[in-house]
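The sequence and the model are shown here.

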Amino acid sequence: MKKHIPNLLTLGNLYCGFFSIGYIIDGDSKNATILIFIAIMLDAVDGRVARILGVTNEMGKELDSLADVVSFGVAPAFLAAHTYFADFHYIYGVAMSGIFPVFGAYRLARFNVTAQEESLKHFTGIPITLAGAIVTFLVLFVKVIPLGVFIIAFYGLAVLMVSRIKIPSFKNIKLPKNGVIVTLFLFYMFYLLAKARFEKVPVFFYVALAIYILFIIIRFIRVKEPKLPRWKRGR
């Protein structure tokens, strides 16, 4: 049974991404944004849970990549299409945002065929999870950040994903994987709640808060990491 727990977390990541798209289509960008950040938290802990339980396998790696394309490629792109690109004709807005998941999928495929020793030392291009998280976080400030600035950041992140730029592995330099962005997101949500005097609380806010507590606990569980693990979850 325990061997299925990490995969269930990964499937939860995928489902959150899909569910987020449904909320975007329905015009509820707040719940859509929360669901993407829940997916980020699940993505950040599934690999660690697998190592804690000693159930790492190649299937987890491939499943993780498929989930990441949806949650951090397609969902943030749809979010951009329905917010910043909403002033364009709908089809044009979708077409403009479509480059993001395309580049993200290429980034994941390249990561999956990269030699394991090399991937432990550095990333080639920025991870899709980080790029999707930044796009989602920027959308929170759609009324503040000008369209031109967002477009530069949006396409800049897409290009950086497929670039050959070498980025030190977050694992090696002990930086939290998306932990800062998730924390900033929750601070932003608390600010909105305080400003609204806790009225109209987005449905998934408390779910995100509960998973964030789990996220923090698992992130700080000390576990002996193998020098060369058999697989590493997708980026």
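This is a predicted model: local features need pLDDT of at least 70, side-chain atom pairs count only at pLDDT 80 or more; totals for chains, interfaces and linings use all residues.

## Aromatic pairs within helices

A pair of aromatic rings is described by the distance of the centres and the angle of the planes. The structure contains 17 aromatic pairs. Among them is the stacked pair of Phe150 and Phe154, whose centres are 5.6 Å apart and whose planes make an angle of 25 degrees. Both Phe150 and Phe154 belong to helix α8 (residues 147-162), where four residues, or about one turn of the helix, separate them; Phe150 and Phe154 are both buried.

The pair of Tyr212 and Phe215 has a centre distance of 5.8 Å and planes at 25 degrees, so this pair is stacked. Tyr212 and Phe215 are separated by about one helical turn, because they lie three residues apart in helix α10. Tyr212 has a relative accessible area of 16% and is therefore buried, the cut-off being under 20%, and Phe215, with a relative accessible area of 3%, is buried as well.

## An aromatic cluster

Phe150 and Phe154 also take part in one aromatic cluster, whose other members are Tyr84, Phe85, Phe88, Phe100 and Tyr155.

Conventions:
Residues are numbered from 1 along each chain as its sequence is written. Side-chain values use heavy atoms; hydrogens and water are left out. Rings of Phe, Tyr and Trp (its six-membered ring) pair if their centres lie within 6.5 Å; planes under 30 degrees apart count as stacked, over 60 as edge-to-face and the rest as tilted. Helices (H or I, at least four residues) and strands (E, at least two) are DSSP runs, numbered from the N terminus. Buried means under 20% relative accessible area, exposed over 50%, partly exposed in between (1.4 Å probe, protein chains only).
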